[in-house]
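Open the model in your viewer and keep the selection panel at hand. The tour goes stop by stop.

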Amino acid sequence: MAAAAAAASVASQAQAVLRGRLCDQAVVHSALRSSPDTNYSKLKYLVASSVSEACNNSVLLLGPRGCGKAAVRFSFLVYSSAPLSAVFSDAGVVFDEMCQWAIYDFTLWVVSAWTEVVDMVLDDLKKDHPDAISVIRLNGMLHSDDNCATKEIARQLCLEHQLSFSKMASSDDNTEFMIDMLRECGLAHKTIIFVLEEFDLFAQGKQRLLYSLLDAMQSLTSQAVVIGVSCRLDADQLLEKRVRSRFSHRKLLFVPSSVDSLQRLMEHLLALPEDSPLPTKYVREYNARITSIFNDKKFKGILSSLTDADATTSHILRFLFRVVSYMDIDSGLLSMQSFMNALSSMQRQPKMDSLQDLSILELYILVCMNRLEDKEKSSYNFITIMKEYKSVQDAYKTSDKYSHTVCFRAFEHLLDRELISFADNKGRNQALEYRPVKLLISSRELAESLKLNTTCPAVLQKLLDRERYM
Amino acid sequence: MDLSATPSRSKSGLRSSPRKPVAAPAVAQMDLSTPSKPTPRRKPKAPPVAAPMSPVTPSSVRRSSRLLETPTKVTSETPVKPTPTPKRKRAAPSPSPKTPTQSEPKRQRQRQRQRQQPKKPKKRAYYRKVVYDGGEFAAGDDVYVKRRDGAESDAEDPEAEECRVCFRAGAAVMVECDVCLGGFHLRCVRPPLRRVPEGDWACPYCEAERAGKAIERPKPPEGKRIVRTAKEKLLSSDLWAARIESLWREPDGIFWAKVRWYIIPEETAAGRQPHNLRRELYRTNDLADIEMETILRHCYVMSPKEFKDASDQGDDVFYCEYEYDIHWHNFKRLADIDDEPETKEDPGDEPYNAGNDYVSDSDEDSEYDEEEEPTKCSSARTHQSHALAANLRKGRTYGLQKIGIRKIPEHVRCHQKTNLEKAKATLLLATLPKSLPCRDKEMEEISAFVKDAICNDQCLGRCLYIHGVPGTGKTMSVLAVMRRLRSELDSGNLRPYSFIEINGLKLASPENIYKVIYEQLSGHRVGWKKALHYLTEHFSGGTKIGKQANQPIILLIDELDLLLTRNQSVLYNILDWPTRPNSNLVVIGIANTMDLPEKLLPRISSRMGIQRLCFGPYNYRQLQEIITSRLKGIDAFEDQAIEFASRKVAAMSGDARRALEICRRAAEFADYRVKQSGHTSVNRGKNVVCMGDIEAAIQEVFQAPHIQVMKNCPKFGKIILVAMVHELYRSGLGEVMFDKLAATVLSWCHVNRELLPGYDTLLKICCKLGEGKIILCEEGTKHKLQKLQLNYPSDDVTFALKESPDIPWLSKYL
């Protein structure tokens, strides 16, 4: 019993160590620092040279989300405790698929979505030149409005230089303050680095902010770097002509890394370091197990099915986090099973899952809607669905005949779960029954879920099948 | 030995000559001969004897020498009563000071122009120039100032420094050690030197100290005091240096000067830093009023550039690059443009009041009134204590002193720039070129237009519209013309005018332009409606704004198209003013679009007139000329490389900014390559920007990254893209429903024995592609009803995915 408890504590310690490694950018991107051809070293060279040579630069970092450029990390959320982690990670997956923007906002408030490579570069440079760099961070989601952005810049500048800040200042004042500060800092050999996340959102409207930023950088006394981070590949094309002409057109492209390098990354992250506080015997045993797993053919399959969908670093990190969570607590070792479990939890199909727990009546409604769509009825509403339902009931004489109000309740439930939706936004003041609706799931998904659902009456499947092959 | 032939800094030149011109202003002395670069030097480990580390511990020799002075003299000089003493000693052979009585008749302050006797004796009379004790001092000159508490006698002020070996100040050529600043006769150095060495030279003692050897410096012969020059006294903080800001005479007839102190590195909070130059001083923001008689004589504090050019200037040359804030103990570079510290110190009087100076320039010794400068500075002081928000108007002007660096970073000084780095610096957009090539004709036209408008006595209101694509030098040309005109104005060939520059894109709203114009004219802030009212009155001949009411006003509006409002009232007003009689207004509008006047309402475009100037895009020859003119004297680019870049840009846009950026980027690539390969490669050919670098830079600028991203998509992403192309060709419609697309993808995967992805996985990938705008898609909540469309030509997809190693079967669907 005591031995088991000891093992469990070792295991939870190991989990903590591993999670710490996964969440530490320095560990994750340690490979970047060494090689000369990575974006990391290019960006560092660029920023460092503009600090030391007192020149102005602007650079755009482009690439899909999660390539280490911008990171939306769920891992931070999940870090604290296991039960919470289950809730949050599941919620995360569902959210993720349901609507990308919502989840972005959501994480933005909980964890600040920093820019990994930019962060590392800036951290390193701050170490090299203490006191010579001030970083202003703006996010297009929050500061796309020009006035608000200049105010935020002024606020951060004041904060950075221990000046008092007034909320009352007009935007003209703030702009002038910014330009003055650029000049003063340039004279004092200080570089101001503007990190504009979601750069594409700054390129809306008249682009006054970008213009005044880039134009202020055309003077000799200022010393600033503008780093734009965007997932839109055509972000520089969004700029107006006169703004684009002032932009110095440096682009760094972030692409997902290859499968080999991802595997190396995983090996690097999951291996326990020798100098950890854990007992060395355990560490050795653990590392041996990990190596054997990595050499397994099955693992290659898991990895490829993971990267087929999404090969970005953040995706891998999320996967590894789950792997660690599925660690066998008794032995404290990872097994192939934990990898499989993690993979299946990564590949959750939320629509299918929510189809699984529907009631029979709701399934009936969905099938009826599907039949209606197959009959090429372009527009239908609850009343039409009820008619179809009646006709089905009449034809098959099943026991699942429910009253109109019950059906309507089920219909509303389906609307809430966003398995069906209104066809258009018109007629908001119309009664729900009469508003045209649409099915949001495909017939293939519906058929599959019916097959999987054990309580589903055979009639339903027949209904779906028959009209498909009819 | 021929002195004039010595290229490097030789000491004897001016110092040994007893008749140095006293009153020549600093600038006039500048001799633009061979520039010897002030290379930054590190401090030797042990402090050199010549300049003690801190003012607190001067060498004992000094102290004793000071005590040797007759103490009575000191008491007589402490200015209980401001008795004048001769500051300036004409290298008299005997070191005895002139007695006060002797100098009394001399003290008749000769003003430069006698006609200007102070008319109002009750008031202070301000002067531009004062001849005082035989020296002519003007505002802006740098001078040595006695320390008041002075244990230091100013009796000795030797012109010639003594040799550190033989301790005699002969006429023979001396050479200055670049480390300890000591002077040596050429023949006294072991081994003796035949001529002044080129470049840096360190004396044998400093060399030895640097090498770590202990070596005895020659001691002066018994009984002989070391006579120190003013420079040495200053550097050991026994003297002060200051810059005269203004000169005036009190009602009681005593001359005073407001001075801005210089400070030596030892007296700053950071102390002397290893990379400080020996002759470095800092300008402070500390101002004080002193009596003129404490001023000793001129010294010359120079900006880095002047210092570089000044090779044979004698001993009183100092180097000043930074300003030191005495309250916050931090440093700031002196801005190059900063000619008049007043405008920087106190923005309360607007730069346009600087027109004041032009007026007063014409008749020289005009008198200012009392209120001007002293009050300014005192108000600056009091405001400092106020806790005003920095981003407000008031606080912005006074709170920013805090910004500054504690220590001057080493990399600024101790870094010899390579050719590539120099090239990068000159290619910066911010670097103002010395000349603007290729725009002579346009500049002629602009300057003719402006002159025409100003020189007419009538100053008929006029308007010029300048258009051209971005980066063709429109604003730069206008500003260059204005600079030229301003210098013409300074020389008095032109009527004075005010110049207002406004950028349409920097205004919060178009109406704010009234506010800005009014503020620049009058220095007051009002709301835009009021400003409009005043301005209209001003231009229609009513009450005038500001002091220079009758001067013509040149209004430059950059990005004119941004002032368009719905009813175009702003543009109408601005363009209407010049047509009023007596408006004295000239408007120069700059915008990108050629047909802006045609887009405007007829009543506006008719007021805009027909005078237009087109800045065409540069052709490749012009671009080439622009780049080569910038890179003159720096051997960092292959000629073909420049031509290639300029041809490429000329073919695309003719944007000079872009051409410069490409070249800079290429230089960066080359620099990066050189640095990565290590400094050992001395191979000359490699350290030049070649075609490959330009190619890479152009790739980066012009090539869209989508092909690269498509190639690196995850597997299902690639399949989706190919399926979209497939659907596009099959249906002929750009848009495809997700439902259909998913069915195609699944059937392909089924046929080709791939793992079947889930619907939701596919949807997620679609959304990801949509985020990068590789495809355009609706939001993911629409699920199967989501419409998708390729954002790039289908050929690009075909090109990118034709050969993908991980999914060989994909190509058959293309």
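In which helix of chain A does A:Ser245 lie? Select residues 241-246 of chain A: this is helix α14, and A:Ser245 lies in it. Helices here are DSSP runs of H or I with at least four residues, strands are runs of E with at least two, and both are numbered from the N terminus.

A word on the ground rules. This is a predicted model, where local features need pLDDT of at least 70, side-chain atom pairs count only at pLDDT 80 or more, and totals for chains, interfaces and linings use all residues. Residues are numbered from 1 along each chain as its sequence is written, chains are lettered from A and ligands numbered from 1 in the order in which they are written, and side-chain values use heavy atoms, with hydrogens and water left out.

**Stop 1: A:Ser245 and chain B**

Stay on A:Ser245. Its relative accessible area is 4%, so it is buried (under 20%; exposed is over 50%, partly exposed in between; 1.4 Å probe, protein chains only). Now show B:Pro470, B:Gly471, B:Asp655 and B:Arg657. A:Ser245 is in contact with these four, leaving aside neighbours within four places in sequence (contact: heavy atoms within 4.5 Å). Draw a distance to B:Asp655. The two side chains make a polar contact at 3.0 Å. Such a contact is a pair of N or O atoms within 3.5 Å; within protein, one must be able to donate a hydrogen and the other to accept it, and residues adjacent in sequence count only if both atoms are side-chain atoms.

**Stop 2: the annotated loop**

A:Arg65 sits in the loop between β1 (57-62) and α5 (75-78) of chain A. A:Gly66 is in the loop between β1 and α5 too. Buried or exposed? A:Arg65 is buried, at 9% relative accessibility. A:Gly66 is buried as well, at 5%.

**Stop 3: strand β3**

Select residues 191-197 of chain A. Seven of the seven residues of β3 are buried. One side carries A:Thr191, A:Ile193, A:Val195 and A:Glu197; the other carries A:Ile192, A:Phe194 and A:Leu196.

A:Asn139 stands opposite A:Glu197. Finish with β4 (residues 224-230), joined to β3(A) by six bridges, also parallel. There, A:Val229 is the bridge partner of A:Glu197.

How values were computed
Two strands pair if DSSP finds at least two bridges between them.
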